[in-house]
Structure formats: C-alpha cells, structure tokens
Amino acid sequence: MKGIAKLGLVLAIFAAAACASLAVVYAITKPQIEAQDQIALTASLKEIFPEAVNFEDVTDKIASKDPNIKFLNAVLVKSENAPIGVAVKAAGPSYGGQATLLVGITLQRSIAGVRVLELKDTPGLGANANNPGYFVKKAEKVTFPGQFTGKYLTDAFAVKEDVIAITASTITSKSLTKIIKTAGDSAAEWLETVTADTSAETTGGK
Amino acid sequence: MKSLWKTFKQGIIYENPLLMLMIGLCSALAVTSSVSNGIGMGLAMTFVLLFSEIVISLFRKVIPNSARIPIFIIIIAAFTTMVDLVMKAYFPELSKSMGVFIPLIVVNCIIMGRVEAFASKQSFLPVVFDSLGMGLGYTWVLVAIAAFREILGNGTFAGIQVMPGNFQPILFFILPPGGFLVFGLLTSFNIWLKNRMAKSEKAKERA
C-alpha cells in the first residue's frame with residue numbers, strides 16, 4: 001500500500017513539473033500563434049475579396065445546418081460603404097481529422113473563393129487540397145479550392161460530377177466540398193434576408 | 001571520448017533506427033513525400049529525443065522502476081507538445097504540412113526504445129551523443145527518402161522545380177507503396193555500406 005502511494009506521488013511530481021513547463025511554453029507561444037492565425041485570416045479574406053475594406057463580425061447570425069460542420073467565424077465583407085459578400089470560417093470532419101476552410105460568398109450567391117486554413121490529411125495526397133502547386137485542371141492551373149471560384153450555389157456540388165476530385169483522395173474531396181456547400185448555403189440564405197432588408201429600406205425611403 | 005564517438009556513429013549507420021532497427025517506420029514513411037517535411041520532422045524528432053533522454057538520464061535514480069513507463073511518457077509528451085507549439089508559432093507553414101505527425105512523435109517507438117534501452121541506464125554525456133546520433137540517423141534517412149520521392153513523384157526538390165517541364169511526375173513515389181520501395185532500397189544500401197565498412201576495418205586491423 002505504502003509502495004503504491006509513493007509511486008503515485010513520484011508520478012504526480014513528474015506530471016506537475018511537466019504541466020508547469022508546458023504552461024510556460026504555451027503562454028510564450030500563444031500570442032504568436034494567435035497573431036499567425038489572424039494574419040492568415042485577413043490575408044485570405046483580402047485574396048478572396050480584393051476590394052474589401054471593412055469587415056463586420058456576423059458570427060452569431062449565420063448558423064450551420066449540418067451538426068458535423070461548425071461555423072467558427074463569419075464576417076460581412078464591405079467595400080467603402082456597401083456590402084460585397086460574406087466570408088465564413090467553417091470547420092468539419094475530413095480524412096485526417098478536422099479541416100477548417102474559409103469560404104467567401106458573393107451577393108450573387110456564387111462562391112467568391114475558398115481557402116484552406118487547416119487540414120490534417122495525408123501529406124502528398126489529401127493535403128494537396130492546400131498545395132498551391134497541385135492543379136486539378138493542369139492546363140488552366142486551377143487548384144482544388146480554386147475550382148469553386150465563381151461556382152453558383154444552385155449547382156450540384158457533387159464530387160466527380162461538377163467538382164473535380166484530388167487524385168487518390170476522394171474522402172478529402174467530398175468532405176471539403178460538403179463544408180463549402182454547407183457554409184455557402186447558410187451564408188447565401190442569410191445574405192438574402194439582409195439584402196431584402198436594405199432594399200425594403202430604400203423603397204421605404206422613396 | 002572514443003566510446004562517445006562510437007555511440008554517436010552507432011545511431012547513424014550500424015544501429016540506424018530506421019534502416020537497421022526498423023522502428024518508427026510509420027511516421028517516417030508518411031511524412032517523406034517532401035524534403036522540407038523530412039527535415040522538419042527529423043529536427044523535431046531529434047529535439048524531443050535529445051531532451052527526453054537528458055531529463056530521463058538525469059533523474060534515472062529517482063524514477064521508480066515499476067512506474068517508469070508512465071513517467072517516460074509524461075516527459076516525452078511534454079517535449080513533443082512544446083515542439084508542436086513552437087512550430088505553430090514560428091513555422092506555421094511547416095506545422096500545417098506535417099499536421100498530425102508532430103503530436104504523434106509521443107508514440108514514436110524510436111524515442112520510447114532509446115529512453116528505455118539507453119537513457120534510463122546511462123549518464124549525461126553518452127546520452128547526449130546517443131540521442132544526437134539517433135536523431136541524425138533518423139533525419140538523414142528521412143531526407144534521403146523524401147528527396148527520392150519528391151524528385152520522382154513531384155519533380156521538385158524542397159519545393160523548387162528540378163525536373164524539366166515536360167517530366168511527367170510518377171505518382172507512385174508519392175503514394176505509400178513508393179515509400180516502401182525507396183525505404184527498401186535504402187535499407188539494402190545501408191547493409192552494403194555497413195559490410196564494406198566492417199571489411200575495411202578488418203583489413204586495417206590485419207595491417
């Protein structure tokens with residue numbers, strides 16, 4: 001009995017020391033990691049909407065319809081004064097765990113652009129979704145997320161039909177397509193209520 | 001000093017963790033589809049190996065024998081998490097491309113094996129040389145496999161195009177079977193090298 005208590009104590013001391021040192025490293029790296037995420041996010045937003053100037057947080061207003069796919073963040077993207085689209089940061093399951101995408105949707109209910117923010121799929125296969133040198137259409141140099149740009153949400157979004165899959169990575173292709181479609185649908189639906197509101201206001205003004 | 005040097009050399013050729021001991025293969029074959037991944041993984045692994053071995057060697061007298069495995073795992077996991085956090089903070093690109101394989105260093109049998117077989121019995125200096133030798137042995141093999149696979153499978157080396165534009169990448173080398181093939185070739189190369197070195201040493205002794 002005494003022996004077990006001693007073992008437990010030694011184990012606890014080692015665990016506590018490991019925790020303490022981890023806490024220190026975590027505290028040092030945390031601001032840096034957050035800054036990196038923020039830089040990546042704004043850079044991707046600017047890539048998707050080159051004329052973007054202002055961003056308004058609308059995370060609470062757009063809800064995901066799929067229980068497996070979560071919307072981490074949503075912003076209404078504006079030029080000088082008028083809204084030009086919505087960007088949704090959506091996370092859902094993929095082959096190697098959770099994948100996070102940034103999906104931009106225009107007022108015309110088309111995809112403005114898709115960026116892969118986080119993907120843990122197999123390097124060299126599924127991870128090619130995030131490889132700027134991997135093209136699903138070689139001749140036109142279109143990447144996997146790139147093929148969605150300009151695609152209307154009324155399309156089927158079916159892999160191997162209107163969406164080209166990544167070679168040997170059907171699961172990744174399907175999961176990412178589903179995340180994009182879910183985010184796009186919800187955002188477009190919300191956009192409709194907003195634009196309906198503003199048009200109502202303008203007619204009211206007249 | 002000579003025995004330290006010998007310990008160091010063991011890990012690189014004679015007891016190379018991948019080519020001779022054949023441990024830690026899953027992560028080695030999984031991340032070696034590009035050279036930068038190979039270097040990153042090798043360095044991360046060497047760091048964790050070095051510090052885990054040092055800490056365990058320093059505390060080897062106070063670690064009770066019957067609770068050693070959980071304590072080893074705590075120590076290895078702490079260093080692995082540190083590497084993961086630091087990589088995320090300062091090398092976000094590399095961290096993204098390696099994904100889950102950095103956290104998986106915790107269960108890499110090379111570390112567990114060296115810690116159990118070497119660090120828990122040896123003093124500070126031999127442990128440093130052993131971990132550096134093993135780490136370097138792991139890293140060079142990763143980089144070699146990755147170079148082979150990336151050049152033939154993707155036409156690039158560390159992301160730079162090296163093959164002529166009309167070269168059709170051989171996808172086989174990026175896929176897992178290609179990894180096994182390259183690994184097998186390297187293993188036989190290492191055995192050849194080892195035999196050759198043993199022969200030349202024998203010749204020296206005779207002379």
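Let's start in the sheet of chain A, where A:V77 stands opposite A:G85 in strand β3. This is a predicted model, in which local features need pLDDT of at least 70, side-chain atom pairs count only at pLDDT 80 or more, and totals for chains, interfaces and linings use all residues. Residues are numbered from 1 along each chain as its sequence is written, chains are lettered from A and ligands numbered from 1 in the order in which they are written, and side-chain values use heavy atoms, leaving out hydrogens and water.

**Strands of chain A**
- Strand β2 (residues 70-78) and strand β3 (residues 83-94) of chain A pair in the antiparallel sense over eight bridges; pairing takes at least two DSSP bridges between two strands.
- These strands, β2(A) and β3(A), form a hairpin with four residues between them.
- Strands here are DSSP runs of E with at least two residues, and helices are runs of H or I with at least four, numbered from the N terminus.
- β2(A) also pairs with strand β1 (residues 54-57) of chain A, in the antiparallel sense over four bridges.
- Within that pairing, A:F55 has A:V77 as its bridge partner.

**Where B:F91 sits**
- B:F91 lies in the loop between α4 and α5 (92-98) of chain B.
- B:F91 is partly exposed, with a relative accessible area of 48% (buried means under 20%, exposed over 50%, partly exposed in between, with a 1.4 Å probe and protein chains only).

**Domains of chain A**
- Chain A is divided into domain 1 (1-48) and domain 2 (52-205), with bounds from an automatic or database domain assignment.
- The C-alpha centres of domain 1 and domain 2 of chain A lie 31 Å apart.
- Seven residues of domain 1 of chain A are in contact with 13 residues of domain 2 of chain A (heavy atoms within 4.5 Å).
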